[in-house]
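Have a look at the sequence and the structure, then read on.

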Amino acid sequence: MYRSQGIRTKINIIVLLLTLGATVAAVAPFLHILFPKESQVEVFGFRNARTFCYSLGMPITIFVSALIMSFIVNFIKDTPIYKTIQNVCIVFLSVATYYILWTFSAFSDFDPLFYYIMIILVSISFGILINRFLRFTSSSTNKLLKVQSNIPNLDKRIRTVNDIASIMPDDNEDIVTYKAMVDVTGDNLKETITEIKKDLN
């Protein structure tokens, strides 16, 4: 069965990114352990780096997990489940984004209410946009996988067309003309499949 090197490479990259994302999500809540409790150096309005990392760790975990789920859910065929999980992913992405932005906000320049409203609007917008981007990315991967899976069947059909042409007799003018047409069709299909394989690579 034909396997596109390009498709495999893309899938391997996606698997690597998912693995790295899962690692980040697992490690993030524990980053605060690396910093001393006694430090008095303020970081983004927090007492020290330890409290800052403690506040940031869990939102990062939720955000990365929601990213992974937003990508994977697009491979689910069941529409009600797909739509439900898509909405859940948008909520998780928005909530995680809100807390990440909140962690970096010192609320010193403007009224805190203004900050909260802006963070909420940005978080919801970002959650929707990143979800749609991941939907586009995974749907493109899905299409490439479908093309790849259909190529072996096309190869078999092209070989069948060429085989039919090869067994046609050469002593009948009408059949010779038809045989030439079949031959050309088979050759054209071969060229098309070759081009598709090149594009996939």
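A patch is built from residues with over 30% relative accessible area and no salt bridge, joining like charges within 9 Å and nonpolar side chains (Val, Leu, Ile, Met, Phe, Trp, Tyr) within 5 Å. A salt bridge here is a Lys or Arg side-chain nitrogen within 4 Å of a carboxyl oxygen of Asp or Glu, and accessible areas come from Shrake-Rupley with a 1.4 Å probe, where for residues only the protein chains shown count as cover.

This is a predicted model, so local features need pLDDT of at least 70 and side-chain atom pairs pLDDT 80 or more, while totals for chains, interfaces and linings use all residues. Numbering starts from 1 along each chain as its sequence is written, and side-chain values use heavy atoms, with hydrogens and water left out.

**Nonpolar patch**
- Leu101, Leu113, Phe114, Ile117, Met118, Leu121, Val122 and Phe126 make a nonpolar surface patch of about 690 Å².
- Helix H4 (residues 112-167) is the top contributor, with 7 residues; helices are DSSP runs of H or I with at least four residues, strands are E runs of at least two, and numbering goes from the N terminus.
- Phe114 sits in H4 and is partly exposed because its relative accessible area is 42% (buried is under 20%, exposed over 50%, partly exposed in between, with a 1.4 Å probe and protein chains only).

**Aromatic pairs**
- The structure has 8 aromatic pairs, meaning Phe, Tyr or Trp rings (six-membered ring for Trp) with centres within 6.5 Å; planes under 30 degrees apart are stacked, over 60 edge-to-face, the rest tilted.
- Phe44 and Phe104 go edge-to-face, at 4.8 Å centre to centre and 80 degrees between the planes.
- That pair links distant parts of the chain, 60 residues apart: Phe44 is in the loop between H1 (5-27) and H2 (49-72), and Phe104 is in H3 (residues 79-104).
- Phe44 is partly exposed at 43%, and Phe104 is partly exposed at 38%.
- Phe46 and Trp102 are also edge-to-face, at 6.0 Å and 85 degrees, and join the H1–H2 loop to H3 across 56 residues.
- Phe46 is buried at 14%, whereas Trp102 is partly exposed at 28%.
- Ring pairs tie Phe44, Phe46, Phe52, Trp102 and Phe104 into a cluster.

**Whole chain**
- The chain has 5 helices and 0 strands.
- Of its 201 residues, 31% are buried.
- The accessible surface is about 13200 Å², 67% of it from carbon and sulfur atoms.
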